[in-house]
Amino acid sequence: RLSAVLGQEQSLDFSQRGGPDDAGDDSCGLGITLHPPNMANGRVLVKRLKPGGAAALSGVLFPNDELLLLDGVQVANATTAQLRALVMGPRGSWSSLQVRRPDGALASISIQRTTADYQP
């Protein structure tokens, strides 16, 4: 969800399950909040990890990592709707990511989608 708090920058929060677009399905995200691409010159940067969420539990994704590919799709300059479609998926499914670390190193990682209340 796109959330804004007065006096703070906007964030794209893809940690929640359900919502108006997917009521009744079993989709969930990766437990990440992203800086909007327009705030990072088109780059998609991880702002934070939801404690107990899939990304935090994986131990392989970190704040300030830049997402380059999500399931083989380039994400630079992606819209909120495009990012949501890539991040969200069935609980228990896997997402493949290519990231650039703040030091410039590239990493290919996989994270299983889950919610904080469900651990496979």
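Two strands pair if DSSP finds at least two bridges between them. Helices (H or I, at least four residues) and strands (E, at least two) are DSSP runs, numbered from the N terminus. Residues are numbered from 1 along each chain as its sequence is written. This is a predicted model, in which local features need pLDDT of at least 70, side-chain atom pairs count only at pLDDT 80 or more, and totals for chains, interfaces and linings use all residues; side-chain values use heavy atoms, with hydrogens and water left out.

**The whole chain**

Display the chain as a cartoon. The secondary structure comes to 2 helices and 10 strands, and along the sequence the pattern reads β-β-β-β-β-α-β-β-α-β-β-β.

Next, colour by pLDDT, the predictor's confidence in each residue, from 0 to 100. The chain averages 80, and 73% of the residues score at least 70. Select residues 1-11, where pLDDT stays under 50 and the model has 25 contacts (heavy atoms within 4.5 Å) beyond four places in sequence. Then select residues 16-24: pLDDT is below 50 here too, and this stretch has 20 contacts beyond near neighbours in sequence. Where pLDDT is low, the predicted coordinates should not be read in detail.

Select strand S9 (94-100) and strand S10 (106-112). The two strands run antiparallel and are joined by 7 bridges. Trp 94 stands opposite Gln 112 in S10. S9 and S10 form a hairpin with 5 residues between them, and Gly 104 in the turn has a positive phi of about 95 degrees.

Now show the side chains of S10. Its covered face holds Ala 107, Ile 109 and Ile 111, while Leu 106, Ser 108, Ser 110 and Gln 112 make up the uncovered one. In a regular strand the side chains alternate between the two faces of the sheet.

**Arg 101**

Select Arg 101, in the loop between S9 and S10. Is Arg 101 buried or exposed? Arg 101 is buried because its relative accessible area is 19%, and buried means under 20% relative accessible area, exposed over 50%, partly exposed in between (1.4 Å probe, protein chains only). Show Asp 65 as well: its side chain and that of Arg 101 are joined by a polar contact of 2.4 Å. A polar contact is a pair of N or O atoms within 3.5 Å; within protein, one must be able to donate a hydrogen and the other to accept it, and residues adjacent in sequence count only if both atoms are side-chain atoms. Leaving aside residues up to four places away in sequence, Arg 101 touches Val 60, Leu 61, Phe 62, Asp 65, Ala 107 and Ile 109.

**The largest nonpolar core**

A nonpolar core is a set of buried Ala, Val, Leu, Ile, Met, Phe, Trp, Tyr and Cys residues joined through side-chain atoms within 4.5 Å. Select Ile 32, Leu 61, Leu 67, Leu 70, Leu 97 and Ile 111, which touch the most other members among the 21 residues of the largest core. Elements giving two or more residues to this core include helix H1 (54-58), helix H2 (80-87), S9 and S10.

**Two loop residues with positive phi**

Select Asp 71, in the loop between S6 and strand S7 (73-74). Its phi is near 50 degrees, a positive value in a residue other than glycine. Asp 71 counts as partly exposed, because its relative accessibility is 36%.

Finish at Asn 77, in the loop between S7 and H2. Asn 77 is not a glycine, yet has a positive phi of about 65 degrees. With 61% relative accessibility, Asn 77 counts as exposed.
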